[in-house]
Amino acid sequence: MLRRPFLSALLAVLAAVPLTLLVGLVAAPAARPAAATPLRVMPLGDSITGSPGCWRSVLWNRLQSTGHTNVDFVGTLGPQGCGQPYDGDNEGHGGYLVTNVANQNLLPGWLTATRPDIVLMHFGTNDVWSNIAPATILTAYSKLVDQMRASNPAMRIIVAKIIPMAPSSCAECGQRTVALNAVIDGWAAGKTTAASPIVVVDQWTGFSTTTDTYDGVHPNAAGDQKMSDRWYPALVAALGGTTPTGTPTASPTTSPTPTPSPTVSPTGSPTVDPPTTSPPAGVACTASYRITNQWQGGHQGEVTVRSTGAARTTGWRVTFTLPAGQQITQTWNAELTQTGSAVTARNVGWNGALAPAAEATFGFLGTNTGTATAPTATCTAS
């Protein structure tokens with residue numbers, strides 16, 4: 001008997017409440033935090049970056065798998081097939097010269113259309129092929145950097161020492177690439193700023209035109225993996241708003257490779273090794289020497305040191321005798337001395353400690369008469 005008057009009263013109260021308030025009380029979902037704006041990354045270059053430039057697909061998927069998901073690759077060009085899903089937008093224009101892009105002011109339009117926060121630039125291969133002087137290429141680099149900073153004063157810029165090249169129609173291109181790469185560090189040091197840092201990534205060291213390209217110029221699957229591995233640490237640092245300090249960072253498939261710098265003692269200079277002592281128990285290593293690239297009168301090689309003992313090494317020393325007509329002119333990742341044809345290479349500070357089965361690699365440039373061949377290398381661990 002009391003239910004009807006109570007129900008009538010309740011309905012009267014509810015009728016007096018505004019409908020919008022009722023909907024808010026009953027159905028309003030919990031507020032969600034706004035998603036962070038993705039950082040926009042522009043891959044910039046020629047066909048090595050864009051045709052199809054599958055190092056971008058490898059790099060993109062590695063970023064996703066390691067938690068760096070708030071990234072947007074940008075560019076006015078779309079993806080080409082790389083056998084896996086990825087964000088394929090890019091500015092990799094096949095056949096373009098970086099000097100032409102600068103002279104024709106093509107970059108500002110691309111920047112306006114895409115608004116990148118970070119640029120990954122591997123550019124200059126076609127300029128090298130066209131025998132354009134390194135100084136002219138660097139002038140173009142500088143103009144592009146100025147245009148990037150006009151678009152975004154806080155632009156983070158990652159510039160590659162370009163991969164080696166050995167096209168059948170250009171015997172001189174290998175050495176021209178070396179000449180360009182040799183001046184990129186100095187250019188970057190003079191052009192970098194605190195607000196818009198330039199980081200150099202060495203894509204050249206350890207990259208073989210024989211095993212890592214399909215035509216002496218363009219990366220194959222192995223080359224794509226190497227390029228991705230080199231970009232990754234620098235890009236992750238840029239995504240976090242930091243600049244690499246120069247400390248080598250190992251990736252899963254490559255050994256650390258700081259910027260090459262000449263460390264070879266003058267040929268014929270007397271070099272006295274310290275007295276040889278027996279290695280500690282349980283410590284051992286092997287060394288394998290291979291030629292990774294050749295051009296007329298010159299070559300590139302690398303030696304892989306592998307810890308084969310049961311204990312961790314604290315250092316290593318590799319010795320070998322160069323074949324007649326060969327000489328090393330530059331090395332990286334090792335301290336190297338030559339006496340005649342006898343060569344001794346020792347670890348540098350960061351790559352001497354190797355766990356069992358771990359490896360370190362050092363590389364070098366050399367001159368040769370005829371065809372360069374690989375000598376037998378011997379490793380001693382300490």
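Visitor: What is the mean pLDDT of the chain, and what share of its residues reach 70 or more?
Guide: The mean is 82, and 80% of the residues reach 70 or more; pLDDT is the predictor's confidence in each residue, from 0 to 100. This is a predicted model, in which local features need pLDDT of at least 70, side-chain atom pairs count only at pLDDT 80 or more, and totals for chains, interfaces and linings use all residues. Residues are numbered from 1 along each chain as its sequence is written, and side-chain values use heavy atoms, with hydrogens and water left out.

Visitor: Where in the chain is confidence lowest, and where is it highest?
Guide: Helix α2 (residues 19-27) is lowest, at a mean of 41, and strand β4 (residues 118-122) is highest, at 98. Helices (H or I, at least four residues) and strands (E, at least two) are DSSP runs, numbered from the N terminus. Over residues 16-29 the pLDDT is below 50, and this stretch has 3 contacts beyond near neighbours in sequence, a contact being heavy atoms within 4.5 Å.

Visitor: What makes β8 and β13 a pair?
Guide: Two strands pair if DSSP finds at least two bridges between them. Strands β8 (residues 298-307) and β13 (residues 359-367) have 9 bridges in the antiparallel sense, so they pair. His 299 has Gly 366 in β13 as its bridge partner.

Visitor: Why are β7 and β10 called edge strands?
Guide: The open sheet has the order β7-β8-β13-β10. Strands β7 (285-295) and β10 (327-332) each pair on one side only.

Visitor: How do you know that β11 pairs with β12?
Guide: They are joined by 5 bridges and run antiparallel, and Gln 338 has Val 343 in β12 as its bridge partner.
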